[in-house]
There are 2 protein chains.
Amino acid sequence: MSILIQDVSILTMQRLESGEICPVYRGDIVIEGNLIKNIGYADRNVSYDTVINGNHLLAMPGLVNTHGHSAMTLFRGYGDDMELMDWLQNRIWPLEEKLVAADVAVGSRLAILEMIKSGTTAFADMYIFMSEVALAVEEAGIRASLCRGLTEGPLSIFKTKEAVNFAVDFQGAANGRITTMLGPHATYTCSPKYLQKIMEKADKHNLGLHIHLAETKAEVEDIKNRYGKSPVEYLADIGFFSGRPILAAHGVYISEEEMPLLTEKKVSIAHNPRSNMKLASGMAPVCSLQKAGINVSLGTDSACSNNNLDMFQELRASTFLAKVRDLDPLALPAAKTLEMATVCGAKALGIEDAGILAAGMKADLILINTDKPHFYPQHDLISHLVYAASGEDVDMVIVDGQILMEKRQLLTIDEEKVMYQADEAATKLVGK
Amino acid sequence: MSILIQDVSILTMQRLESGEICPVYRGDIVIEGNLIKNIGYADRNVSYDTVINGNHLLAMPGLVNTHGHSAMTLFRGYGDDMELMDWLQNRIWPLEEKLVAADVAVGSRLAILEMIKSGTTAFADMYIFMSEVALAVEEAGIRASLCRGLTEGPLSIFKTKEAVNFAVDFQGAANGRITTMLGPHATYTCSPKYLQKIMEKADKHNLGLHIHLAETKAEVEDIKNRYGKSPVEYLADIGFFSGRPILAAHGVYISEEEMPLLTEKKVSIAHNPRSNMKLASGMAPVCSLQKAGINVSLGTDSACSNNNLDMFQELRASTFLAKVRDLDPLALPAAKTLEMATVCGAKALGIEDAGILAAGMKADLILINTDKPHFYPQHDLISHLVYAASGEDVDMVIVDGQILMEKRQLLTIDEEKVMYQADEAATKLVGK
């Protein structure tokens, strides 16, 4: 299967020797199998299975959403503007008690549909009934890093076993589009002993760990009360960061002193600015984290605390929030923000050969329709992608060389069916 | 001209006696001339000029954008991530020196196009060559409150005369869709004497005033150094707030002590959260302003400091920013946020009989396509409008009883032509 995208604006997201992001230029892109074969000028005498006219389109690497709980789309809009514990205890947890595998299947499909429509080509997911999520990923053609979320409780022996089995069984599934991790939920929901056990399992099976870290002030205080240390110090002391890939979501409350350790241990942060704003968690020190050399990627968190999965809106929120947090209009400039959602995201999920457009890289790319009022005048398309675009501007999505969406029409998902089934499942859960 | 919107979801934005916003319900909407004739059930035996099937659509009042500089769309993406003075002195001001009436005509058309496409039915504008803006408003069919921006300088006598003539000549133009104000730019660009003169002119011609107020820390310090008072105290002392409608943009640095005065004087604030974030101005105390009883509306500011004019994204930014500012997830709940962009906006611009949907009100309304993944499940459409929607979900726009957009196709504007002309004008200005 070969694809030629002809005469298209190209944002490779490669950095030049000067350190600048390579400007947008016009050229052709050739995809063969699941890889980018060539960028620049394509031989017109060769025949291609599919030829796409790049007029008014901009090609860029697909966006990587590094933190979420897909099936929670089912709870979108079910309890906003509430205190966290009130919301969890009286809305979310009672519904999660009732969740069955079929609900997760439907909720994940809705999330994947929404992510593809807004230009996400890979995502990280921590939830339950993960083989249902894997099936949805396989069918939809998207890429994902999946883990079963683990909190300690009466059934945690079984859950841990299930999580490990899932991670081992599905590692590299769907032609390598699926990778797996273990997902200890957080420092305040797992004891040191339980975390140790999960770390052992991770090392035995060569798995990374995905955890919520330093999300709220309350969490920091709780862990300080329990162990006399901050969450980062505490995890460092039990060896959590050593010897395995770590994806830590949020990191709102990480001090300057703690940063060098996270840099040294190559911990990736998933920054979730809109979730942190909506839940009033706080403003993560993104610029300081980056300055310290930490790989900061971008996530939407679930559709309950956001409430959409549009990574373009997340991009904009991250730079806006960084600027107002540091009272610095130069904080997190456009290109650096885009890097968080592409290069840094691919690195955070351990996706090799992705995050930039270049010959030999994975063919995970999106085409943006720039023929819309908010893209004019076309002084600077990189600026427009960050400061003006939305997921609705995504025209085409290609993952692993397969076209998943063309002219906003999904090719692998029955959109109407997924929306209908999600509504039905959610209505049943809420008991209306 | 009569329109029937049949069996549509309706969000009237009316408050019930309980204080709650009336929930979304299904019914018909009948428009006759420029007014809403009936909401509820329409007589099927009557014939209507236009019948719209409301399936998968939600009708709500059009959004009101209470602060902007339309023609600055021409500078969108021309200088982001810069220090304010560097940006103004080296990018914006040199271009503005070169601006001619035709540029403003084109830039305003681009802004109006973008605003209609994202559900704005009325906007406030402060800029130059305002009769060009008025012409664009007249043609496009949108509603606007226009003023010529006034800064003091060698030519201010002529500018003031021009501003007053414009305001007098265009008051009530376009069948009342255009209203006018005077626009003293800010406390730091107009002396007390000049402000006094503008106040006199305003009173003579019964005009309101639109001003930038307490936008940045630097402004507050500047005014304190000059007059020994904060901008609000200073304006209060020269009688600025007394006896005429005031629309004050930004209000980031308004203290609790200053709020009762603004309440008493019925000053409206135009809150511009995304501009305040992007320019790193700060976080306005929106909840405190509201608690004090001040009418807080919502604006996008110009496409230079935002960089799009999508009021749905502005809605979301305002509630997210309020929540993280006050570290309170209950801050600025969904319905109250929507009110800022509808009821409070209409009030701020002095548009009578608008901002809610009810019999006898102006027919300024928009239809939202709710058949999209991010609107599912449909637990709570009010939540989705604030926390998940974007301007791209707007399917139809009606202003003053006239359909301006149908199935996202503009009926009064040649979209391709406007985008092309804006690009051409901007390229010429930038001198590339």
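This is a predicted model: local features need pLDDT of at least 70, side-chain atom pairs count only at pLDDT 80 or more; totals for chains, interfaces and linings use all residues.
Me: A residue is buried if 20 or more other C-beta atoms, placed from the backbone, lie within 10 Å of its own, exposed if 12 or fewer, and partly exposed in between. By that rule, is Pro260(A) buried or exposed?

Reply: Pro260(A) is exposed, because 12 other C-beta atoms lie within 10 Å. This residue is found in helix 8 (residues 259–264) of chain A. Here helices (H or I, at least four residues) and strands (E, at least two) are DSSP runs, numbered from the N terminus. Gly293(A) is 33 residues from Pro260(A) in sequence and 8.0 Å from it in space, C-alpha to C-alpha.

Me: Is Leu315(A) buried or exposed, and which residues does it touch?

Reply: Leu315(A) is buried, because 25 other C-beta atoms lie within 10 Å of its own. This leucine belongs to helix 11 (residues 311–326) of chain A. Two residues are in contact if their C-beta atoms, placed from the backbone, lie within 7 Å. Leaving aside residues up to four places away in sequence, Leu315(A) touches Leu298(A), Thr337(A), Leu338(A), Ala341(A) and Val386(A).

Me: How is burial read for a whole element, and how many residues of helix 12 of chain B are buried?

Reply: One applies the test residue by residue. Helix 12 (residues 334–341) of chain B is mostly covered, with seven of its eight residues buried. Among them are Ala334(B), Thr337(B) and Leu338(B). The cover includes strand 6 (63–65), strand 13 (295–298), helix 11 (311–326), helix 13 (343–348) and helix 14 (381–387) of chain B. In strand 8 (residues 143–150) of chain B, eight of the eight residues are buried.

Me: How does one read a sheet, and what is the strand order in chain A?

Reply: Strands of a sheet pair through backbone hydrogen bonds, either parallel or antiparallel. Two strands count as paired if DSSP finds at least two bridges between them. In chain A, an open sheet of eight strands has the order 6-7-8-9-10-11-12-13, with parallel pairing. Strand 6 (63–65) and strand 13 (295–298) of chain A are the edge strands, each pairing on one side only. Neighbouring strands of this sheet are turned by 25° against each other on average, direction ignored.

Me: Which bridges illustrate the pairing?

Reply: In chain A, strand 9 (residues 178–184) and strand 10 (residues 208–213) run parallel and are joined by two bridges. Met181(A) has Gly208(A) as its bridge partner in strand 10 of chain A. In chain B, strand 7 (residues 120–127) and strand 8 pair in the parallel sense over six bridges, and Arg143(B) in strand 8 is the bridge partner of Ala122(B).

Me: Which strands of chain A does helix 4 lie across?

Reply: Axes are lines fitted to C-alpha atoms, for helices over the stretch in contact, and angles run from 0 to 180 degrees between N-to-C directions. Helix 4 (residues 156–170) of chain A lies across strand 8 (143–150) and strand 9 of chain A, at about 165° to strand 8.

Me: Which domains does chain A have?

Reply: Domain bounds come from an automatic or database domain assignment. For chain A, that assignment gives domain 1 (2–62 + 354–410) and domain 2 (63–348). Contact between them involves 26 residues of domain 1 and 32 residues of domain 2 of chain A. Helix 14 of chain A gives the most to the domain 1 side, with five residues.

Notes:
Residues are numbered from 1 along each chain as its sequence is written. Chains are lettered from A and ligands numbered from 1 in the order in which they are written.
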